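Please look over the sequence and the structure shown here, and then go through the points below, which are grouped by topic.

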Amino acid sequence: MSVDFNGIGPGQVNTTRTTADKSAGNQAPQAPTGEQAKAQNLAGRGENVNLSSQAKNLKQLEQKPGDYPEMDDDRIEQIRSALENGTYKVDAQKLAQKMLEMDKSIFG
């Protein structure tokens with residue numbers, strides 16, 4: 001059975017060879033194919049990577065959360081104390097509004 005992994009051919013995959021295959025392969029050096037020569041030539045010059053505009057935008061978004069504190073420790077302590085004291089009140093109207101806004105942002 002043959003499996004095509006996005007155009008990767010048998011010459012591009014490292015495979016385990018038997019002793020007979022190894023001795024037969026050592027008899028005559030093979031000239032690199034066009035793709036192999038191109039890959040070797042590129043490797044000699046160094047790597048060149050181009051990012052799409054979408055990848056650049058994702059990188060910027062990834063860096064933005066670093067600009068803000070991860071947690072507001074003072075606010076967390078206030079809420080924790082209020083929960084322990086039994087004085088924490090939930091504003092049902094505000095909670096419902098936030099839930100609707102989140103639903104709208106997700107589902108449009």
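Val90 has a relative accessible area of 57% and therefore counts as exposed, the cut-off for that class being over 50%.

- Val90 is found in the loop that runs between helix α4, residues 73-85, and helix α5.

**Salt bridge**
- The structure holds one salt bridge, in which the side chains of Arg80 and Glu77 meet at 3.6 Å, taken from N to O.
- Both Arg80 and Glu77 lie in helix α4, where they are three residues apart, or about one turn of the helix.
- Arg80 counts as partly exposed because its relative accessibility is 43%, and Glu77, at 42% relative accessibility, also counts as partly exposed.

**Confidence**
- The chain has an average pLDDT of 74, and 53% of its residues score at least 70.
- Among the elements of the chain, the highest mean pLDDT, 94, belongs to helix α5 (residues 92-107), whereas the lowest, 53, belongs to helix α1 (residues 19-25).
- Where pLDDT is low, the predicted coordinates should not be read in detail.

How values were computed. Residues numbered from 1 in each chain as written. Predicted model: local features only at pLDDT ≥ 70, side-chain atom pairs only at ≥ 80, totals over all residues. Heavy atoms only, no water. pLDDT = per-residue confidence, 0-100. Helix = DSSP H or I, 4+ residues; strand = E, 2+ residues; numbered from the N terminus. Buried < 20%, exposed > 50% of the residue type's maximum accessible area, 1.4 Å probe, protein only. Salt bridge = Lys/Arg side-chain N within 4 Å of Asp/Glu carboxyl O.
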